[in-house]
Amino acid sequence: MAKRLCLNGRKRPAGQRQEERKRRKVDGGGPGPGPEERSCRLSAALLGEDCEISHEQLYELLKYAALGKCHNAAQPSWCRVHHQSHLAGVVVVVLHEMSQVHFYRFYLQFKHLRKVFQHRFTLTPSANFLTSLYGEGTDTDLRPQNTAQGLTSTSSECVTKISDLQCDPIIRRYGEEKRGLTSYTLTLEEQKKNDYPIKGSPGCKDYISTECDQQRTDSSPLFGLDCEMCLTAKGNEVTRVSLVDAQGQCLLNELVKPESTVRNYRTRFSGVTRQMLLPVKTRLSDIQTRLKKMLPHDAVLVGHSLNADLQALEMIHPSVIDTSLLFARDEGRRFKLKFLAKAVLGKEIQCEQRLGHDPTEDARAALELAQFFIEQGPAKVAELNLEMLLTAEKLAEVSQNKAALQPQGCEVEKQLNKPPLLSKPCFLDCLQVTGQKPLLLGREGLDSSSLCQSNLSTSNKQILQRALEDVPLSTFSIIQFSLGPEYIASHLHAGLHEKVRSKLTDMLTIYAGPFEESFCLKSVKKEFGRCGPIQSLTVVTETFQPYVRVQYEVLEGAQLAVESLNGAEVAGSCIKVQRPVTAAMLDCDVLIKELELDVENEGVIYVAGLKKSLTETDLQEEFSHLKDLETLFLPKAPQSGKHRNCCYLKFQKPQSAVDALEAINGWTIKGSELRSRNALASGHLWRWIWQMNHSNGKQGKHIFYEQMEQLSDCEQDLRKKMKKLDHRIKKLYRSLQNNTLCVVLFPGVNSTHGSQPGLGLMGIKTDGGRSPC
């Protein structure tokens, strides 16, 4: 979808480094204020494809914020909580049955939410949001019991019935019947989607083909492949290669000397050191030649995330089985090879006592996993219930210090021949281990009365009153507000979605003209294309003189065209540039101004006019001298993967963005003049706008015409309700202690008219009011 380059690694001027050292002192990163004065903060790079957060990732954040390292909770993979031990508490506000559409349809009503919370992300919708937020509950009591001897639990207390196998992602993908190995090799589309080297692809021009082009059958030979890499000036380069045959015999285990200067040997993972590579003469080209000779023409390569190995080998192979994709999980997540080897094969690999991974061991494990899958079939693999085994293993890690639960890992081998009867623990159970009793307030309850202080109220006003009283007494609270049942009908959601999509289309559209009868359309397209990527350009012939309708892919492109080309001479005519005039567009200028001032767009500028031949590396070099540049975000079209002729630059300080804006306007890169302005829709909103802009109103005309009248009747009331919700969250937020993590969630909607993504806002309360980033 998009490419994001973090530029923090480059060397900065001495003055800037001195300022950063002062900032670190303030944050408690060195001599200065004592621990009691340290303030917590969040950091996250939520741009483009990184802005879509799954419930598993949200679970990571809440778990770490509530439990911390002292209870073996790991930092979330997508953001960072600094000084977690100083958090005063965690408050999650859930706006029941509301989606991202609600936030942007009533954007101007949410004054507090959009001015306070620095970080926003798109949240994947869930059929049962609260269940996914907590983790799946169980039919039997999974909670540790207080006894005279302490907290104890037995495996019999962790037994429940197996859920319907039809819901398992492996069954959904492959069915239940056994198949031959060719059914599990990746298709060309799957290889493209998962970044495999493919013949003819732009980035694979100099890659070597294995020339294994013979037709595959279910009797074709399998080979396990694994590589270890180091970091060089070129990127990831191979330092060790292992190949095993179908019997597990090692055919190749060779150290490889990188072509470029090594920056990091990654010894902790690769096991390769500088001393090991000193006498090595073998180069990548030698390995490529040997692999071509060793592999039969119908060979099928097996590996775990094999795309990375083939990329590092700079080789193309047409038939692969990727065990990270074969053992499918929900929402695109993947099991680690170490876990699969233990849970499926009963083998311990990548042991902590060893220095680095053994690529032969990893190649053999991946091969055996694929053989197990093919021989046993998807149904047998699904019966292993890997998701629950993994969760039980994680819960055992959390409770190790408290001796609350017996580790489940030792039972794995016994479970291989029968369906495991472990269940996924609820998030509340993890909190219970530490003695915390969460607070749940709202209309929608969970069957967890013994786990939390559950107070189900009847109105948002009552919920707020109870929250103001009880939240300060709890370290973890979930507060639910709701619009009421009369506003959650699926046709109303569909109507809101259609209205937002229609308004966005108008905001992305401009009309330019009048032009002379014989004007050059190509020159018009070129001039307007300098403002940003164009989705469509059509000539309007209903008028006395021709006009042109231009629809952009980004809001900044349309706004830049209005600002820079209105009154300009284009294709020999002095033209007027304007947006469509409709009732929905009457507040367009107000909306544009508020988007520009949005806290999410602070320090972010939009740059257009880039040549599509420019690479990410080119842009990084061109903009590297700009002061305080933190991130470069290069949008890419989801379907083609090609980058657009624009990018976003995020700076550490707003003033640095202002200075860069002045410097970049009129700047020329490789003969192309750049145009720039303040960002309007960076981060999660860019991707969402692109998706809505390329949809064709799937809800259908019958919904738009038949239900719009009913929606209009209640829309004014909805505006008032949104304003009240914003005010209530403001009161709740102001009552929180400093250093409290606050997360506001629009869960998203699943209805007969399609899913609508959710939205998350997060920040840590400070004296200044705004959440620090």
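Reader: What should I know before I start?

Author: The model is predicted, so local features need pLDDT of at least 70 and side-chain atom pairs count only at pLDDT 80 or more, while totals for chains, interfaces and linings use all residues. Residues are numbered from 1 along each chain as its sequence is written, and side-chain values use heavy atoms, with hydrogens and water left out.

Reader: Where is G532 found?

Author: Start with helices and strands. They are DSSP runs, numbered from the N terminus: helices are H or I with at least four residues, strands are E with at least two. G532 falls in the loop between α20 (521-529) and β21 (534-540).

Reader: Is G532 buried or exposed?

Author: Buried means under 20% relative accessible area, exposed means over 50%, and partly exposed lies in between (1.4 Å probe, protein chains only). G532 has a relative accessible area of 1%, so it is buried.

Reader: Which residues is G532 in contact with?

Author: Contact means heavy atoms within 4.5 Å. Set aside neighbours within four places in sequence, and G532 is in contact with Y552, G557, Y606, A608 and N645. A561 is 29 residues from G532 in sequence, and the two C-alpha atoms are 8.6 Å apart.

Reader: How do I read an aromatic pair?

Author: A pair of aromatic rings is described by the distance of the centres and the angle of the planes. Rings of Phe, Tyr and Trp (its six-membered ring) pair if their centres lie within 6.5 Å; planes under 30 degrees apart count as stacked, over 60 as edge-to-face and the rest as tilted. This structure holds 17 aromatic pairs. In one of them, F110 and F746 sit edge-to-face, 5.7 Å centre to centre with 85° between the planes. That pair links distant parts of the chain, 636 residues apart: F110 is in the loop between α3 (100-105) and α4 (111-116), and F746 is in strand β32 (residues 740-746). Both F110 and F746 are buried.

Reader: What about the pair of Y606 and Y648?

Author: Y606 and Y648 form a tilted pair, with 5.6 Å centre to centre and 55° between the planes. Y606 is in strand β26 (residues 604-608) and Y648 in strand β28 (residues 646-651), so to speak of the chain, distant parts 42 residues apart are linked. Y606 has 0% relative accessibility, so it counts as buried. Y648 is buried too, at a relative accessible area of 2%.

Reader: Which residues do ring pairs link into a cluster?

Author: The cluster joins F103, Y104, Y107, F110 and F746.

Reader: Which charged ends sit over rings?

Author: The test has two parts: NZ of Lys or CZ of Arg must be within 6 Å of the ring centre and within 35 degrees of the ring normal. R329 has its charged end over the ring of F335, 4.4 Å from the centre. The charged end of K765 sits over the ring of Y733, 5.7 Å from the centre.

Reader: How many residues are in the largest nonpolar core?

Author: A nonpolar core is a set of buried Ala, Val, Leu, Ile, Met, Phe, Trp, Tyr and Cys residues joined through side-chain atoms within 4.5 Å. The largest has 53 residues. L95, F103, L113, I479, F481, V744 and F746 have the most contacts inside it. Helix α26 (residues 701-735) gives the most to this core, with seven residues. Not counting residues up to four places away in sequence, L95 touches F481, L725, I729, V744, L745, F746 and P747. Another core, of 34 residues, lies apart from the largest one and includes L326, A366, L384 and L390.

Reader: How many salt bridges does the structure hold?

Author: A salt bridge is a side-chain nitrogen of Lys or Arg within 4 Å of a carboxyl oxygen of Asp or Glu. The structure holds 22 salt bridges. One of them joins E190 and R173 (3.3 Å, N to O). E190 lies in helix α7 (residues 188-193) and R173 in helix α6 (residues 169-174), so the bridge ties together parts 17 residues apart in sequence. E190 is partly exposed at 26% relative accessible area, and R173 is partly exposed at 34%.

Reader: Where are K347 and E368?

Author: K347 and E368 form a salt bridge, with the closest N and O atoms 2.6 Å apart. K347 is in the loop between α13 (337-345) and α14 (359-376), while E368 is in helix α14, 21 residues apart. K347, at 35% relative accessibility, counts as partly exposed. E368 is partly exposed as well, at 22%.

Reader: Are R644 and E553 buried or exposed?

Author: Both are buried. Their side chains meet in a salt bridge (3.2 Å, N to O). R644 is in the loop between β27 (629-635) and β28, and E553 is in the loop between β22 (547-552) and α21 (555-565), 91 residues apart.

Reader: Which residues are linked in a network of salt bridges?

Author: E56, R329, R333 and E387 are linked in this way.
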